[in-house]
4 protein chains.
Amino acid sequence: MIIQFKTPVNTAILKQVQAKLEAIPSHVVVVGPHMAAIGVKDVDLTDEEKGAIESITTNEPSYATTSRMFQPEDTIITLPHSVIGGDHFTMMAGPCSVESEEHVMRMATVAKEGGATIVRGGAFKPRTSPYTFQGLGEDGLKFLRAAADANGMDMITEVMDVAHVDLVGKYTDIFQIGARNMQNFSLLKEVGKTNIPVGLKRGMSATIDDLLNAAEYIAAQGNRNVFLIERGIRTFDNKYTRNTFDLGAIPVLRELTHFPVIADPSHALGVTRYVTPMAMAAVPAGAQGEIVEIHDDLAHAFSDGPQALKPEEYKDMTRKVFALRKLVTELNEQTVAAD
Amino acid sequence: MIIQFKTPVNTAILKQVQAKLEAIPSHVVVVGPHMAAIGVKDVDLTDEEKGAIESITTNEPSYATTSRMFQPEDTIITLPHSVIGGDHFTMMAGPCSVESEEHVMRMATVAKEGGATIVRGGAFKPRTSPYTFQGLGEDGLKFLRAAADANGMDMITEVMDVAHVDLVGKYTDIFQIGARNMQNFSLLKEVGKTNIPVGLKRGMSATIDDLLNAAEYIAAQGNRNVFLIERGIRTFDNKYTRNTFDLGAIPVLRELTHFPVIADPSHALGVTRYVTPMAMAAVPAGAQGEIVEIHDDLAHAFSDGPQALKPEEYKDMTRKVFALRKLVTELNEQTVAAD
Amino acid sequence: MIIQFKTPVNTAILKQVQAKLEAIPSHVVVVGPHMAAIGVKDVDLTDEEKGAIESITTNEPSYATTSRMFQPEDTIITLPHSVIGGDHFTMMAGPCSVESEEHVMRMATVAKEGGATIVRGGAFKPRTSPYTFQGLGEDGLKFLRAAADANGMDMITEVMDVAHVDLVGKYTDIFQIGARNMQNFSLLKEVGKTNIPVGLKRGMSATIDDLLNAAEYIAAQGNRNVFLIERGIRTFDNKYTRNTFDLGAIPVLRELTHFPVIADPSHALGVTRYVTPMAMAAVPAGAQGEIVEIHDDLAHAFSDGPQALKPEEYKDMTRKVFALRKLVTELNEQTVAAD
Amino acid sequence: MIIQFKTPVNTAILKQVQAKLEAIPSHVVVVGPHMAAIGVKDVDLTDEEKGAIESITTNEPSYATTSRMFQPEDTIITLPHSVIGGDHFTMMAGPCSVESEEHVMRMATVAKEGGATIVRGGAFKPRTSPYTFQGLGEDGLKFLRAAADANGMDMITEVMDVAHVDLVGKYTDIFQIGARNMQNFSLLKEVGKTNIPVGLKRGMSATIDDLLNAAEYIAAQGNRNVFLIERGIRTFDNKYTRNTFDLGAIPVLRELTHFPVIADPSHALGVTRYVTPMAMAAVPAGAQGEIVEIHDDLAHAFSDGPQALKPEEYKDMTRKVFALRKLVTELNEQTVAAD
């Protein structure tokens, strides 16, 4: 059951209704902009209470608080140097792995020059084979922090392990949850207990509902600073691209949830020369930002070289993406104005 | 083996080389802008012949004449009222099915007003169930032809059957081969024997190579007026959209083949309100046109109602798509200029 | 609407009800063991009529006459030398392509020795590339017919084209519809107009409902001698096997339809050494027969060499499959007896 | 590089070669039955060393020690009451979740009566939604331990979290890694540091290579008591079954790795009445055991009710599976004898 209250919310009545719902055994009640009582099908309300309520939905989705029914307004995540969500468009860029103090510093500067306000880089790397480079660990976190600070940027980095949440949290502005961990529910709960924003990547074969339920795992712990990352899904054809970029999921997600949706064309395509056109394509699809990999020496990249943009390619991409974003916003505003 | 000749091609020498290749038993030799001898690995050339040749590729793909190796320049298809391919951007619109003379006439006028030069409509419909509307047949062809002529447009309509190629060919400017018939090789060969342009839809689970090989079936018969249509693929998630729109296939196809690539957001998404954003997304991805469904009375559409754009929505979509196309062209030209 | 009549069916009343249903405009009424009026939701019945009726289903599937609601009993297809369906288990074997008169004769003899009663072989071949061997055509049909006759067997061969239905029908006992043509609706209708049994292969990405609807296209024309062939589906992993053998579809199909279900482990796996274990696995899954490729000289097979069984491997496979079939039948009978 | 030594292995020479390989910087050397030096392409050997070596493979897969090249013989996992691997066939059964002390005790007794030697049950449950039952936690472990001990059985239970490895390890004989955690690399490493056997479930969209690489993560830490569980993959059709049971992966896995392969028909199908036929199908496919869910009161099961076998169904299933296993073994032995 999701109850939308009339605004401004009558807090006394909200508390009254909350108490009634909490009295129903074995159910979870969440209070946010509105109120969700997961699985509750009926509640006895007074006329006064009914008067304070806008609408009641009883067939809410299992990802109740993640849905737009619970919160019609876009979630806006505010960081020291960036804003994610709503009408903002946020660029995140950096190397796949943090490779050295100097390298990540150089890459952060490039990222900033191209318009990014968030620098990315992996210190703990999930790799298909146990024998490939697994990341610099805490050193990587320090180097990335320094690179972000020196450039007046925020940082995002992957946390792979419940045991690392504290450590990574000491350094990062945003936790990234990788595609392979999208249903690592222990990890989702753990980052959900912090108040650090979380960028949640869609799993390789995760349905849209799976992704929203994974976000709900985080939100249910109280951390509602979540954004979603579309990074390509696994299909029957991966000869020419690493994954199938599911851009059609973006307008769907924008409709179903208030959490921001970011596009990751680097992992979705896996081939440098397709990253720019598809980063552009993500803009009219409704992405509220992009996260891309950059590298100045692909031949010697520690990981994922073939999909990184070189500095000049990256700046060409952001030039195009920002120009496109401006036009798309204008075109969409004209549609609204005409209605 | 694909042999690229130096331009201007020395025709005498080309004929000489062709004769040598044709003397090799059980191989197919195709002469186009350049020459392909399918499966031939070696040929003895004189110095004079070598001098007239730009390059020789021996590991050509099975879709030899469809590949850019055989023809580096974009295929341009010229119709009475439209051009498809190269730097042109072509809008095709119309109802899913031809429903009546009046209705398709009205829809063609709407299509034209929104900037389309080609009107689409099904007279023979491939339907999952044998008990649903199968199309008006020849009457449908007549009505669509009349609607195209009255509006100064070209027409495209599906041919489902070898036995109908002559009949449909009497009326249409372009054959459409539907997704379910993409590997109906008899049909591909039959339309390949005509000189009517063919719009070939990607099969639901066709790989990029499958699609290019299907195009090769047509081209191998001599009809090189082929364009490809990306219309979504079948994946594990179809709860919110009918298919997964594989926009990432567009830059890949543009690279591998000289045939034009058109986007079909209507079938890819299957939901009206996602068609416009995704039609826009197809533009920076590199689509050279769009084919969309329109209808002015969705509740009474004979087929596929839930994905058609209403006339005003359609015009809003084309306004946005054309504006986007203009900007994307400019942005890409600036990149080229900067190199 | 599917109406099951009490048995023995009161024919006079059945005709009465049929007349009522046929009077409802634009609906299809099919009379078989029972009666289906596609899409009809309501009919006015007298008490006498009601008394002759066992049950009425109004939410029938679109594949109405293919479903067990329309015909609870297994379809049994009787051929001169074979029976398909019900408790029968039917072995079909032969080369992928008919390669020569002598070769197919030799292969038919091997097939027969291993227990097959039906010999398979392609005279018209659907090939991904237009430049690979496309079959011997009518000569192939003649050779296969001769091989079947000489060994007292029935023959099955693929028909790819509406224009070939008559020609192929002159020779064959069973039409095979290939996976790529599963939704070639014109072809389905055409073979549906004959009374020659049809083996319908599941398309590469066909859902179970798609397959049943394709069968309905044939049955709706009056040809109810149809059997279904599971031959593997396309998924994200085809590194080690050509397709994913969807054996779990077999018990589902057995439940939903009365048409027989045959397994094709050769195409499903695409690798000789996996064919025998998976042919065995198909038996307890509920397959009512197998269709396999055999060849005595894999290195020189015209097509699909890597998946064919050599004669001795084939006989080892059938020995195992028949032994397994016997045990599975006994075990299942004990379960029924215990209930 | 994988070096197979002649048997009996000359230990002195093996140590000599190991020292040489370990001197090559930044590579991992693993000594097992044979020796793997991951990524090493060349090593200088004396004639004496060469004489002690059977074969050297330089293009080893990334899952080096998991492959049959590293260990040609089947891994055999010996537990107090069970043996997994080789020619053994191991039955594992129990409820999806541990629901209460009494219930799991009753279910373990049923499991034992049907021939299982290992009882399964979840104490920590990975659930798509955060609001569904998440398991009894440590109490669940205690109840399952008691049920196993009382029946002279081993227990298997899922560990979802690095932080729980010690706790779960105190109670269980076998760790289960669930499909959603198959690429939770931190967790794989952590269970790899214990010497408790691990049952690793294939991820929903994991390729065969992904699964083997995940096993390698465990094995690379020193724990080589690993077995693999095929539990169905995600494909385009899940209308009638929860997943697509990829039985064809079983003979492939048996060939590529020495680790045992177990079938999980309960999760693969998700529908009780398909579990028995598909459990049977897994036997000739080469499964070395089964893991199934049982429940005596489906309507009140805490989770996954629709796929559990009732006690009598379970015993009917094992009767059939054991009988089939006996026959398949005999049939395969006859093939070997005939060669």
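Buried area is the accessible area that two parts lose on being put together, summed over both. I note this first, since the entries below use it. I also note that the model is predicted.

**Entry 1. Chains A and B: area and contacts**

I looked up the buried area for chain B and chain A and found about 3,500 Å² between them, with 66% of it on carbon and sulfur atoms. In residue terms, I found 45 residues of chain B in contact with 45 residues of chain A.

**Entry 2. Chains A and B: polar links**

I looked for salt bridges across the interface of chain B and chain A, and the rule finds 4. In one of them, A:Lys239 pairs with B:Asp209, and the closest N and O atoms are 2.6 Å apart. Polar contacts between chain B and chain A come to 24 residue pairs, both residues being at pLDDT 80 or more.

I next listed the elements that give two or more residues to the side of chain B that touches chain A: α7 (208–219), α8 (249–256), α10 (272–285) and α11 (311–338) of chain B. The largest share, 11 residues, comes from α11(B). Sorted by class, I have 25 nonpolar, 9 polar and 11 charged residues on this side of chain B.

**Entry 3. Chains A and B: symmetry**

I checked how chain B lies on chain A: a turn of 180° with a shift of 0.0 Å along the axis gives an RMSD of 0.0 Å. The C-alpha of chain B nearest the axis belongs to B:Ala281, at 2.2 Å. I also noted that 100% of the interface residues of chain B are interface residues in chain A too, so the copies meet through the same surface.

**Entry 4. Chains C and D: symmetry**

The same surface serves both copies, as 100% of the contact residues of chain C recur in chain D.

**Entry 5. C:Asp246**

I located C:Asp246 in the loop between β12 (226–230) and α8 (249–256) of chain C. Is C:Asp246 buried or exposed? Its relative accessibility is 8%, so I put C:Asp246 down as buried, the cut-off being under 20%. The side chain of C:Asp246 makes a polar contact with the side chain of C:Arg202, at 2.8 Å. Leaving aside neighbours within four places in sequence, I found C:Asp246 in contact with C:Arg202, C:Glu230, C:Gly232, C:Ile233 and, from chain D, D:Thr244.

Key:
Residues numbered from 1 in each chain as written. Chains lettered and ligands numbered in written order. Predicted model: local features only at pLDDT ≥ 70, side-chain atom pairs only at ≥ 80, totals over all residues. Heavy atoms only, no water. Contact = heavy atoms within 4.5 Å. Helix = DSSP H or I, 4+ residues; strand = E, 2+ residues; numbered from the N terminus. Buried < 20%, exposed > 50% of the residue type's maximum accessible area, 1.4 Å probe, protein only. Polar contact = N/O pair within 3.5 Å; in protein donor to acceptor, adjacent residues only side chain to side chain. Least-squares fit on C-alpha atoms with pLDDT ≥ 70 in both. Buried area = accessible area lost by both parts, 1.4 Å probe. Salt bridge = Lys/Arg side-chain N within 4 Å of Asp/Glu carboxyl O. Nonpolar A, V, L, I, M, F, W, Y, C, P; charged D, E, K, R; others polar.
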